[in-house]
Amino acid sequence: MEELTEYEFSRLSASEKEKYLNDLLGDENDPENIYLSDSDDDEYFPEDQCPISDTEETTEQQLEQSDYEDNQSDDEEVENEVEPLEEFMLGKDKTAWARKPFYRHQTARCNVLRQRSGPHKSTELLSMSHTFQKIFTAEMVDIIVRHTNAKTISTYATYNEDNPDKKQLKWNNLTSQEFRAFLGVLIMSGANNSNTDHTTEMWRPNSYTLYRASFGLGRFWNILRFIRFDNAHTRADRLKEDKAAPIADIWTMLNANLSKMYKPDECLTVDEQLYPYRGRTRFTQYMPA
């Protein structure tokens, strides 16, 4: 085919240019030209006529080999498989613990709360002070006041007998109202972050006026020193059965009032607190760091 000059090619129409290029270069859509190579040395071999070398394997042979290897690995896994674990584990106290949680479609009847949760309805119209008196009742206050006065009078009498030449001490009996003020000072010291301060700092003029308005520092020290929660004459017999005998009665009454005045709902978290304490008690549990 005669080639055109650049000037002659530019004078052709678009269709004539396309026809000229197709005739010159060959039609790209021609099936015979699909496998043309840039090199004249290469020769195309269709897939169905391509010879197979001695090192190649057919697809069926490869599949059979892979199936055989899978079966072989499965047999090895079965031989090396560990025996299944038991469904339950036994604790030191012979309690059976399930390894997997039990799934229930419905809440168990024993776990359905059928009572009103939250504070008792009798406290809805009460003030904070009267609500606290529902928990720390007048009976509990009377027990503490009575035994505190008995302990202080006994201690003062012993001191006066042993020191007749010195000034004789006299104890002004603790009243229920004064003991409630004592509890108020303890609660407010915790709310004001004063529970870690020395008591002399709490009674300074620049501190909270509630402390000085309640009673003097010496009176606070005496109440804190002589406060008692049980009868000292019967304590020895009760200690044989209960290590927490000095506070057992007040502790039992307080827990009973708390459970009666407040009912928790199903969303409840039980936690513990490790409290540093250097005093001597029979029920203190030492936990090393």
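These legends describe close-up views of a predicted model.

Figure 1. The chain has 289 residues, and buried residues make up 15% of them.

**Figure 2. Helix H9 packs through its buried residues.** The helix covers residues 217-226. Leu217, Arg219, Phe220, Ile223 and Phe226 are buried here. Their packing partners are helix H5 (138-162), helix H6 (176-191) and helix H7 (199-202). Arg219 also meets a ring. Its charged end sits over the ring of Trp171, 4.3 Å from the ring centre.

**Figure 3. Phe220 takes part in aromatic pairs.** The structure holds 11 aromatic pairs. In one of them, Trp203 and Phe220 are tilted, with 40° between the planes and 5.0 Å centre to centre. This pair links distant parts of the chain. Trp203 lies in the loop between H7 and helix H8 (209-214), while Phe220 belongs to helix H9, 17 residues apart. Trp203 and Phe220 are buried. Phe215 and Phe220 form a stacked pair, 6.2 Å centre to centre and 25° between the planes. Phe215 is buried, as is Phe220. Ring pairs extend the picture to a cluster of Phe132, Phe136, Phe179, Phe182, Trp203, Tyr208, Tyr211, Phe215 and Phe220.

**Figure 4. Arg228 touches residues from other parts of the sequence.** Arg228 lies in the loop between H9 and helix H10 (235-239). Arg228 counts as partly exposed because its relative accessible area is 24%. Leaving aside residues up to four places away in sequence, Arg228 touches Ile144, His147, Thr148, Lys151 and Arg235. Arg228 and Lys151 are 77 residues apart along the chain, with their C-alpha atoms separated by 7.3 Å.

**Figure 5. Asp230, Arg235 and Arg238 are linked in a network of salt bridges.** Side chains of opposite charge can pair when their charged atoms come close. Between Asp230 and Arg238, the closest N and O atoms are 2.7 Å apart. Asp230 has 5% relative accessibility, so Asp230 counts as buried. Arg238 has a relative accessible area of 23% and is therefore partly exposed.

**Figure 6. Arg146 forms a salt bridge with Asp142.** The count for the structure comes to five salt bridges. In this one, the closest N and O atoms are 3.5 Å apart. Arg146 and Asp142 are four residues apart in helix H5, so about one helical turn separates them. Arg146 is partly exposed, at 45% relative accessibility. Asp142 is partly exposed too, at 39%.

**Figure 7. Glu201 forms a salt bridge with Arg204.** The closest N and O atoms of this pair are 3.0 Å apart. Glu201 is partly exposed, with a relative accessible area of 40%. Arg204 is also partly exposed, with a value of 41%.

**Figure 8. Leu21, Leu24 and Leu25 make a nonpolar surface patch.** The patch spans about 290 Å². Leu24 is in helix H2, which runs through residues 14-25. Leu24 counts as partly exposed because its relative accessibility is 37%.

Notes:
Residues numbered from 1 in each chain as written. Predicted model: local features only at pLDDT ≥ 70, side-chain atom pairs only at ≥ 80, totals over all residues. Heavy atoms only, no water. Buried < 20%, exposed > 50% of the residue type's maximum accessible area, 1.4 Å probe, protein only. Helix = DSSP H or I, 4+ residues; strand = E, 2+ residues; numbered from the N terminus. Contact = heavy atoms within 4.5 Å. Phe/Tyr/Trp six-rings, centres within 6.5 Å; stacked < 30°, edge-to-face > 60°. Lys NZ or Arg CZ within 6 Å of the ring centre and 35° of its normal. Patch = residues over 30% accessible without salt bridge, like charges linked within 9 Å, V, L, I, M, F, W, Y side chains within 5 Å. Areas by Shrake-Rupley, 256 points an atom, 1.4 Å probe, with all protein chains shown as cover. Salt bridge = Lys/Arg side-chain N within 4 Å of Asp/Glu carboxyl O.
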